[in-house]
Amino acid sequence: MPSKLFKKRVQNFEPYIPNEIDDCIKLDANESPFNLSVAVRENVMKRLNKVDYMHYPDTNADVLRESLSKYIDIPSKNIVVGNGSDEMIHVLLNTFVEPDDYVISHNPTFTMYGINTSILGGNYLEIPKSDKFKIKIDELIERANEKKAKVIMLCNPNNPTGVSTKREDIIRLLDETESIVVVDEAYIEFGGESIIDKVLEYKKLIVLRTFSKAFGAAAIRTGYLVSSEEIAKKIMAVKAPYNLNSLSQIIAEELLNDIQTIEDNIKIISAERNRVYNEIKNIEGIKAYESVANFILFEVKDAEKVFEELKKRGILIRLFKDGPLKNHLRMTIGSIYANQKFIDSIKEIIDEFDLK
């Protein structure tokens, strides 16, 4: 196919290709170190034997939405579920953004906000953060009003920095702009201040959540959106029918029935995050940033060298090569063994290659 037939906005896009090495300690994708509990897996298998596979799944995922309603204490009519929060980002932007509309966010943050905006023909504008990766709320408000931004995207806690934004600042965005305010709370179970309780009060607030992180179910690609009833209805109309398969719906429902296990896992991950941070922040040559998510961002003199040396030792983390995160790396909190292996290895690398 001649390249000229592609949209101009996507001609320079490259596919996402994850780094993969055999038998590695995988700390690069913010996944949970905990698999589904035995009880959840057994219940799922029992239910799968009763599925009528010749029929489409429930297009509205009514049972799952009712379970989520109890979990977050928001009516099910305000909830939309889909293939991860990635699909929810795509659908909500598709619902609101027309060519030349502005979507405003902060930098650095999750790349899919900008990619989806560009595909739709919108203008994506990022406000640089402070040197401590704090969001400049005043500037964000000023630029949103200046550009008459249709949507403000806010990741909280932010990926990849792990920094959280205060509720009072998010409320300022809602009160002082005309924009739809989307708060991506993919990592909220690990820390930070949720704004989800405000969706019934603020009709232009949308909150995104996922089962991929704290729930340890990245494989089922399930996320959900919480908003006013008016927005939820319109997004239901825009999303594809039967967008979430029966298996994913069943597993998500069973995970919500096993919430005590999930909460116990979150406590372990959060304790390990704090331990790892306290260890690496004192290593000469590393500047680590305190995080309320399930990962830690840190800066070194030669991030590519550190990345490759960790890879040689069978440890895979996330490398950032360009922009404000040049020479930064992000490690996901894994098992106690994996975390200690990472700490010991990076100490060795810093010493061996004189990166202090």
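I started with Asn294, which is found in the loop between strand 9 (287-288) and strand 10 (295-299). Helices (H or I, at least four residues) and strands (E, at least two) are DSSP runs, numbered from the N terminus. The model is predicted, so local features need pLDDT of at least 70 and side-chain atom pairs count only at pLDDT 80 or more, while totals for chains, interfaces and linings use all residues. Residues are numbered from 1 along each chain as its sequence is written, and side-chain values use heavy atoms, with hydrogens and water left out.

**Entry 1: Asn294**

Is Asn294 buried or exposed? Asn294 is buried, at a relative accessible area of 0%. Here buried means under 20% relative accessible area, exposed over 50%, and partly exposed in between (1.4 Å probe, protein chains only). I then listed what Asn294 touches, leaving out residues up to four places away in sequence: Asn30, Glu31, Tyr187, Phe190, Ile269, Thr332 and Ile333. Contact means heavy atoms within 4.5 Å. I also looked up Asn30: its backbone oxygen lies 3.1 Å from a polar atom of the Asn294 side chain. A polar contact is a pair of N or O atoms within 3.5 Å; within protein, one must be able to donate a hydrogen and the other to accept it, and residues adjacent in sequence count only if both atoms are side-chain atoms.

Next I traced the open sheet of four strands, in the order 9-10-13-12, with antiparallel pairing. Two strands pair if DSSP finds at least two bridges between them. Strand 9 and strand 12 (318-320) are the edge strands, and each pairs on one side only. Three bridges join strand 12 to strand 13 (residues 328-332) in the antiparallel sense. In strand 13, His328 is the residue opposite Phe320. Helix 10 (residues 303-312) packs on this sheet, touching strand 12 and strand 13, and its direction makes about 35° with that of strand 13. Helix 9 (residues 259-280) lies across strand 9, strand 10 and strand 13, running at about 15° to strand 10. For such angles, axes are lines fitted to C-alpha atoms, for helices over the stretch in contact, and angles run from 0 to 180 degrees between N-to-C directions.

I moved to the open sheet of seven strands, which has mixed pairing and the order 2-8-7-6-5-3-4. Strand 2 (79-82) and strand 4 (123-128) are at the edges with a single partner strand each, so one side of each has no neighbour in the sheet. From one strand to the next, the twist averages 20°.

How many residues of strand 5 are buried? Five of its five are, so I noted the strand as mostly covered. Val151, Met153 and Cys155 point one way from strand 5, Ile152 and Leu154 the other way. Strand 3 (residues 102-107) runs parallel to strand 5 (residues 151-155), with two bridges between them. Ile104 has Ile152 of strand 5 as its bridge partner, and Val103 stands opposite Val151. Strand 5 also runs parallel to strand 6, joined by five bridges. There Leu154 stands opposite Val183.

I checked two helices here. Helix 4 (residues 112-119) lies across strand 3, strand 4, strand 5 and strand 6 (180-184), at about 155° to strand 4. Helix 7 (residues 229-238) packs on the sheet and touches strand 2, strand 6, strand 7 and strand 8; its direction makes about 30° with that of strand 2.

**Entry 2: rings**

I found eight aromatic pairs in the structure. Rings of Phe, Tyr and Trp (its six-membered ring) pair if their centres lie within 6.5 Å; planes under 30 degrees apart count as stacked, over 60 as edge-to-face and the rest as tilted. Why is the pair of Tyr71 and Phe215 edge-to-face? The ring planes stand at 85°, with the centres 5.7 Å apart, so the pair gets that label. Tyr71 is in helix 2 (residues 62-72) and Phe215 in the loop between strand 7 (205-210) and strand 8 (223-226), 144 residues apart. Tyr71 is partly exposed at 29% relative accessibility, whereas Phe215 is buried at 4%. Ring pairs link Tyr71, Phe211, Phe215 and Tyr224 into a cluster.

I also looked up Arg330: its charged end sits over the ring of Phe295, 5.6 Å from the centre. The criterion is NZ of Lys or CZ of Arg within 6 Å of the ring centre and within 35 degrees of the ring normal.

**Entry 3: Lys134**

Last, I looked up Lys134, in the loop between strand 4 and helix 5 (137-146). Lys134 is partly exposed, at 45% relative accessibility. Lys134 touches Lys129, Val163 and Ser164, not counting residues up to four places away in sequence. From Lys134 to Asn145 I noted 11 residues in sequence and 20 Å in space, C-alpha to C-alpha.
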